[in-house]
Amino acid sequence: MRTSARNQLEGTVVSMTTGAVMAEIVVDIGGQQVAATITKESAERLALAEGSKVTAIIKATDVMIGVD
């Protein structure tokens, strides 16, 4: 897979919530979780399921930092 996005994180799907049109996919990446909302059609086309090994590809123009 070739992409221009530089932030690519390997992980495992830990949960999926599927609605009529959209699906929320939660991916565990080294003990941290990242959630993505994609179309239900895309989730089906990718054959995603709990336990699937995936790459979370993050393309953003802003990164926010927070402290306590």
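Me: Is S42 buried or exposed?
Reply: Buried. This is a predicted model, and in it S42 has a relative accessible area of 18%, so the residue falls under the 20% cut-off.

Me: Where does S42 sit, then?
Reply: S42 is in helix α1.

Me: And what does the side chain of S42 make a polar contact with?
Reply: With the side chain of T39, at 2.9 Å.

Me: OK, switching to pockets. What volume does the largest one have?
Reply: About 310 Å³.

Me: Which residues lie nearest its centre?
Reply: V27, A36, T55, A56 and I57 do, out of 13 residues that line the largest pocket. Strands β2 (22-29), β3 (32-39) and β4 (53-58) are the elements that each give two or more residues to that lining.

Me: Which element gives the most?
Reply: β4, with 5 residues in the lining of the largest pocket.

Me: How does that lining split by class?
Reply: You get 12 nonpolar residues, 1 polar and no charged ones.

Me: Backbone now. What's the phi of A47?
Reply: Near 55 degrees, which is a positive value in a residue that isn't glycine. For context, most residues other than glycine have a negative phi.

Me: Where is A47 found?
Reply: In the loop between α1 (40-45) and β4.

Me: Does A47 count as buried or exposed, and why?
Reply: Exposed, because its relative accessibility is 57% and the cut-off for exposed is over 50%.

Terms used:
Residues numbered from 1 in each chain as written. Predicted model: local features only at pLDDT ≥ 70, side-chain atom pairs only at ≥ 80, totals over all residues. Heavy atoms only, no water. 1 Å grid on protein atoms, 1.4 Å probe; cavity = no way out; pocket = protein on both sides within 12 Å on 5 of 7 lines; lining within 4 Å. Points joined across faces, edges and corners; volume = space filled by probe spheres on them. Helix = DSSP H or I, 4+ residues; strand = E, 2+ residues; numbered from the N terminus. Nonpolar A, V, L, I, M, F, W, Y, C, P; charged D, E, K, R; others polar. Buried < 20%, exposed > 50% of the residue type's maximum accessible area, 1.4 Å probe, protein only. Polar contact = N/O pair within 3.5 Å; in protein donor to acceptor, adjacent residues only side chain to side chain.
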